[in-house]
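I opened the notebook to record, entry by entry, what I looked up in this structure. The entries go from ring pairs to charged pairs and then to the backbone.

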Amino acid sequence: MGEVHGLTGINHVSKRVKFQNKYRNPVVIAEPLSYNGPDQAVLRITNVDSDGFDYFVQEVESKDGVHMLENIGYVVLECGTWITPDHSAYIEVGKAVTSTTLTSTPQTEDAWTDITFSSSTFFQSVPVVFTQVQSSNDPHWVKTRQRHITTSGFRVTLEEEDSNEVTHGGEIVGWIAISLHSNTTLTRGVWEDKLWEVGTTGDRVKDVWFDVRFTQSFKDVPILIAGMQTTDNTDSTHLRYKGLDNTGFQIAWFHDSGTPSTGSVNTESVGYAAFSSDGELSALSADCQNDANDKLVSVKGGQLIIIYLLDTDHVNTKTVKIVKIPSYGTVYQYTGKSLEDEDAIVDTYTVVSDTMGRVVYRADVTVTNRVDMFSYQYESKEGSSNIGTIHIQQIPTDRITPPLPYNPPPRPALPPTTPDSSQSSVASQLYKMNQTLLGLLTFTLIIVTLLALAIVAFGFFLYKKKTARQEMISMFLGNNTSNNIEEGEQIYYPENQQPQQQQQDEESGMDSI
């Protein structure tokens, strides 16, 4: 279904990321950038396919295009509707093609593209929405903005920097919507073996750093994505973050032009998602269908399907109970509690509710072509009751036809970029200075290493020379002592140390006398 990872040390040089898995129709969200380099920049994503995607840091066109090293987190999810294994969140993922472009007046309605969720009742509360351009058909600086997020959909548009008051070329925009718990600004739970958290700041983020504190107890620095949920400023802006650790981070928006605002400086709401570690993400497919009672629905093995037991006219309904459980699957409350026992209460209505008696049915993974069913009873406030039945046609997985792959339009060739040296930024100067210092340091290390080797070699030469000289002197002195006494030369010894042979000759001479 998806994966989450982090990237470090990225810059303006385009690189390729390879997915852990293969996907049919993936969406990549990789924003915002860290704040190591001050020049205005976003991460551009291109060539998204089943195996991976390309990325590079793109500066605004008024800068030289050379950017310092940055960090970023990214999430990859398959298009569709999903439920996390712990039922902590409902997720919808999709794509759209748009060329609508926001200029200096965000109130212009024709500058926005409407995105409608698969069902107006899939989300119980307003979700957090992340959007990002997935292509590079137009080489100009661009990113996405969104607003008017509801449980039914949202509006999205492209936005270039302030100086470009023109329509951007058509681009593929990917989006991910994640539900929040009802009446809160936070969803958190455990996804696979990862702690994760999704939340919003509320309408409080400005062009100064804003502190966000996590509620999850992350042991290490988590992987972060974030996106503005509103568009209240008249100037084009983008997000950056800094100070990310296991307790929180700081977030702020910046003017794309790098100049002070020409209009009102308004606060924006920012949504974020944080994951304790990288790796794969799995989820249960949720095929949303709005079914009244006594209907036949279809589901494939292992898939989740949301079933609406009541229609929209349920003002007088008091309770809904499951009176017969299914034989080949499991029915859950919308909150995730299994309804294994008969007479389990699904919902109690004291006021008009948006849940409409929703339950979640999951088919067995080892599914054959068969029909399952379960029955429920709904009771009115006046005491009357009725019985409804849901039949579920279980379809083998191999009979489900996968969606056709999305083929984006061909991209025009990008013109070569020539950085303007007259507009050299502080970041590019620091980058070039770092490269020069690195070269000097490498050259110095090489010279020092060669000198050390020469000193060691010269010392070894002196040592060998001294040793050879000592050996020659020893050999010379030894030969002189044993073999080189000239004939007729008399040798004198101390009286008590004369040679034994000489003492014997003298004794024999005395005897002969």
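What follows are my entries, grouped by the kind of contact or feature that I looked up.

**Ground rules**

I am working with a predicted model, in which local features need pLDDT of at least 70 and side-chain atom pairs count only at pLDDT 80 or more, while totals for chains, interfaces and linings use all residues. I number residues from 1 along each chain as its sequence is written, and side-chain values use heavy atoms, with hydrogens and water left out.

**Aromatic pairs**

I took rings of Phe, Tyr and Trp (its six-membered ring) as a pair if their centres lie within 6.5 Å, with planes under 30 degrees apart counted as stacked, over 60 as edge-to-face and the rest as tilted. By this rule I have 18 aromatic pairs. I looked up Trp-191 and Phe-275, whose ring centres are 6.3 Å apart and whose planes stand at 45°, so the pair is tilted. For the location I used helices (H or I, at least four residues) and strands (E, at least two) as DSSP runs, numbered from the N terminus. Trp-191 belongs to strand S16 (residues 186–191) and Phe-275 to strand S22 (residues 268–275), so that this pair links parts of the chain 84 residues apart. For accessibility I called a residue buried under 20% relative accessible area, exposed over 50% and partly exposed in between (1.4 Å probe, protein chains only). Both Trp-191 and Phe-275 are buried.

I then looked up Phe-214 and Phe-218, an edge-to-face pair with 5.1 Å from centre to centre and 85° between the planes; Phe-214 and Phe-218 are buried too. I also noted one aromatic cluster, formed by Phe-19, Tyr-23, Phe-53, Tyr-55 and Tyr-74.

**A threonine in S16**

Strand S16 also holds Thr-187, which counts as buried because its relative accessibility is 0%. Its side chain reaches the backbone oxygen of Ser-179 at 3.1 Å.

**Salt bridges**

Side chains of opposite charge can pair when their charged atoms come close. I counted a salt bridge where a side-chain nitrogen of Lys or Arg lies within 4 Å of a carboxyl oxygen of Asp or Glu, and the count comes to 10 salt bridges.

Which residue meets Asp-49 in a salt bridge? I found Arg-16, at 2.9 Å from N to O. Asp-49 is in the loop between strand S5 (41–46) and strand S6 (52–59), whereas Arg-16 is in strand S2 (residues 15–18), and the two are 33 residues apart. Asp-49 is partly exposed at 32% relative accessibility, and Arg-16 is partly exposed at 40%.

Lys-22 forms a salt bridge with Asp-51, and their closest N and O atoms are 2.2 Å apart. Lys-22 lies in the loop between S2 and strand S3 (26–29) and Asp-51 in the loop between S5 and S6, so the pair ties together parts that are 29 residues apart in sequence. I have Lys-22 as exposed, at 62% relative accessibility, but Asp-51 as partly exposed, at 26%.

My next pair was Arg-145 and Glu-268, whose side chains meet in a salt bridge at 3.5 Å, N to O. This pair links strand S13 (residues 143–147), which holds Arg-145, to strand S22, which holds Glu-268, across 123 residues. Arg-145 counts as buried at 2% relative accessibility, as does Glu-268 at 0%. Salt bridges that share partners join Lys-143, Arg-145, Glu-159 and Glu-268 into one network.

**Around Ser-269**

Ser-269 lies in strand S22 and is buried, with a relative accessibility of 11%.

**Backbone**

The peptide bond from Glu-31 to Pro-32 is cis, with omega near -5°, and Pro-32 sits in the loop between S3 and strand S4 (33–34). Asn-47, which is not a glycine, has a positive phi near 50°; Asn-47 is in the loop between S5 and S6. I noted a positive phi of about 55° for His-148, also not a glycine, in the loop between S13 and strand S14 (153–159).

Methods: A polar contact is a pair of N or O atoms within 3.5 Å; within protein, one must be able to donate a hydrogen and the other to accept it, and residues adjacent in sequence count only if both atoms are side-chain atoms.
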